[in-house]
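Reader: I've just opened this one and could use a hand. Can we walk through it together?

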Amino acid sequence: MGKDTRVVSKEEVVIRFSGDSGDGMQLTGTLFSDTAALYGNDLTTFPDYPAEIRAPQGTVGGVSGFQVHLGHSEIETPGDYADVLVAMNPAAIKANAAMVKQGGTIIYDKDNFTEKNLEKAGYTGDPVAEEKLETYNIIAAPITSMVKEALKNFGLDPKSVLRTKNMFALGMVYWLFDRKLKYTEQFFDKKFAQKPEIAEANKVALRAGYYYAETIEALTPVIKIQPAQIAPGTYRNINGNTATAWGFLAAAEKAGMNIFIGSYPITPATGILEELAARKDLGVKSFQAEDEIAGICSALGASFAGNLAITTTSGPGLALKSEAIGLAVMAELPIVIVDVQRGGPSTGLPTKTEQADLLQALYGRNGESPVVVLAASTPADCFKYAYEAARIALEHMTPVILLTDGYLANGSEPWRIPDMKDIPDITPQFADTSEIPFHPYKRNCDTLARYWAIPGTPGLEHRIGGLEKTVKGTVSYLPDNHELMVNFRAEKVARVAAKIPEIKIVGEDSGDLLLAGWGGSRGYLITAVKELQNEGYKVSIVNFNYINPLPKNTESVFSRFKTIAVAELNLGQFASYLRSVFPGFRYEQINKVKGMPFTTVEIKEKCIKILEGN
Amino acid sequence: MTELQTYQYTPKDFKSDQEVRWCPGCGDHAVLNAVQKALSELGIPREKFVFISGIGCSSRFPYYMNTYGFHGIHGRASAIATGVKIANPELSVWQITGDGDALAIGGNHFIHAVRRNIDVNIILFNNEIYGLTKGQYSPTSEKGLVTKTSPFGTIEEPFSVGELVVGAKGRFFARTVDANVTLSTQIYIQAAKHKGTSVIEVLQNCVIFNDGIHDTVTNKDFRDDRTITLKHGEPMIFGKENDKGLILEGLKLKVVKIGENDITRKDILVHDASEPNPGLHYMLANMRYPNYPVALGVIRSVEGNTYDNDLTEQINNIRKDSKIKCLNDLLNSGSTWKVK
């Protein structure tokens, strides 16, 4: 396979695999990411798929995409615009043409560009002409007929043959990026160990694509991306849902506790339940409840009985759980509620991402009902914030809501595997059996957390529940007692601020503009700010992971900037929260509600506009 | 067996320091007494008992028990109790609920707890009315009942608790009357010993909003003729004179008089609570006055796998065989690579 000298080195590149939801694009993208990671590139991925498992074939609504951004420096986002688009049908071009960089490469299966498919995608003629892609590097490969030819002697049914089309396309991309096929080949050997003929067919299709790309040379120049400069250690690829599940396992191990998860399947949160259900080897008790309410109520029961209790959901499920979260507030039991946010309201856009559950998490309950709210900001740091959510719940005897989102849940990135011995222990506050009678609402003077008495412990028998109580645990409707307890519960949550890190500024400590984000938008914001800084703008950024309470230096950080621009994927929920907590600052908003993450470009444009208005 | 500790309790050991606040004359008082009596006889250490409730008059119950207790939210006690039992299968978990709490707002959780056969004892206080909200009809109110929300009579068919339990694949169903502390105590003890979900329907009287609703069958003057107390292995005989019994005629139960039409004691059905086929239990649970006597006692008690036990077993088996013993093992499993 002698390659010619036309090799181009690039810092980073964005590739988008796109096809019908049955075309196997998620797998193709994942296999490519794994190979890139093993090659040493840093990367971030973004799967983008339709809510319907099988939307009408060939239509734009049924297009499933998987975007990979890889490079030799730190990669913070899945990238805005694609350098390379792989389109398995005309609808994939229709859905993605605008997201390809000027002059980028588009590989498509020309066998699939039949009159019928063009019509389904909404084209009347040649998509290349209609989308004005003539100046792009267009590679019209006869993928369908090539795999048919390559596999004609395999004796496979036509369906199985066509299922390898994605591997042909992947082979072409591997050649384009000068990647070895062996990791993907090993994957097939393992996955189809029981069906060697299928493994072989996929490998043949993969190689056929690779050689085809080499032969036609239409793809040249070959793009080389050097391995990234990343910290030494052992790495793996991880997505946000798996990282969240593992963060809870880490917390359970560090607290020396059993873990219980009670959940009801809901997109895009189900992966956490699935991962924990598979971890019976680590003693996880997973319970697929009959509904969202039973999910949290079973978890609350498990918490009462002394387990680290978790429930996972998305926006609509969080709404259903709100009464039980109030019960957790009142009973002062530790529990973590994960909300993997998706586009809302109502059923909304189940497979798309949004950050619009923030106010629901903060305030969506009856009565004065404060809870701790955290948000993760990258797929891998879901591990850290799941651990943190559990730590705070256990040490402060409070419900904690952890917000992630669809983009974090399904996106993945390489993650340096931590050693468990480097993760701090968690110390739950168990009740002391020497203090009898036990008073359930007696508090730790420092944190104001009550003590946890586990059923089965002799002498600590007690009753708690949703009715207001006195310190001794007696039901009470007395006005002063109620106000006292309301204040205790609020102050307990506020005091968590003493046990969380301060917010860190990326950029100068003071300046014209501070971009303030939270949770999953971090990568886009940081990338935009770094580019703005390189261009000479006085812009800094903070990205919040601790939402309630806020880090204790927040106000002093804000006070050093002329304007705070709050960027989030909603109409301004965090901005309105900040305005209510710190009313004295000048706030601007950068908002987007399209079910998609920000792009770096749009953040930059908005920041420049704000700066020019200063 | 010298290590076996015996626990000597009296019912008083299970009374909490809280003043009982049910209305004077309410059937709940008698249920509380019977439960405290049963618990004192079970030989289980007090700290192992957990009482979980939802919302409603009966759901105040845990406050009056000197055990662990969790007063939950409306309808969700089955789900909370499920979590408690799964988290710690060593506990003796009791759910206190009512006809509204278990069968209206909590209907979903109730049937699924029964279906899963979680080892929880569910005492369902059935007074066929909403008491705490002051007198609205419930899912067990007889059709036509006039209440504040059915001023012209309900137009809904009521649930039958036993029918629902059998339909949800329940394996233990018993019925008792609030005032019958002796029978109730026996039933609670049997329910506690049964592995799996036990549902005990208590015909309970609300003195304020539905007074006397069960009187037709529970009144002293005629209860012997209008109820039958079923005992496993004994013939289904009832009546003040012990002269009435149940037989099968075709596919239906029939009340007969011993000594009439050549009927002798040996023609009478013998109660087998352990029969897995629920057909006869279903008919017994559904008997209504005046065509039949209302069945009391343990109607169905069939052994089977419990959710909590199967889960523990599954975890133990998987742990034995898995290479992943701690989180470091998991973190480093699968595809990883080193960067130097």
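Reader: Which residues touch the most other members of the largest nonpolar core?

Author: First, this is a predicted model, where local features need pLDDT of at least 70, side-chain atom pairs count only at pLDDT 80 or more, and totals for chains, interfaces and linings use all residues. Residues are numbered from 1 along each chain as its sequence is written, with chains lettered from A and ligands numbered from 1 in the order in which they are written. A nonpolar core is a set of buried Ala, Val, Leu, Ile, Met, Phe, Trp, Tyr and Cys residues joined through C-beta atoms within 7 Å; buried means 20 or more other C-beta atoms within 10 Å of a residue's own, with C-beta atoms placed from the backbone. Here, the largest core has 257 residues, and those touching the most other members are Met172(A), Val173(A), Leu300(A), Leu374(A), Leu402(A), Leu515(A) and Val84(B). Helix α15 (residues 381–396) of chain A gives the largest share, 10 residues.

Reader: How many residues does each chain bring to the contact?

Author: Residues are in contact if their C-beta atoms, placed from the backbone, lie within 7 Å. Chain A brings 56 residues and chain B brings 52. On chain B's side, α2(B) supplies the largest share, eight residues.

Reader: What sense does the pairing of β9 of chain A and β12(B) have?

Author: Strands are DSSP E runs of at least two residues, helices H or I runs of at least four, numbered from the N terminus; two strands pair if DSSP finds at least two bridges between them. These two run antiparallel over three bridges, and Tyr235(A) sits opposite Trp337(B) of β12(B).

Key: Contact = placed C-beta atoms within 7 Å. Buried ≥ 20, exposed ≤ 12 C-beta atoms within 10 Å, placed from the backbone.
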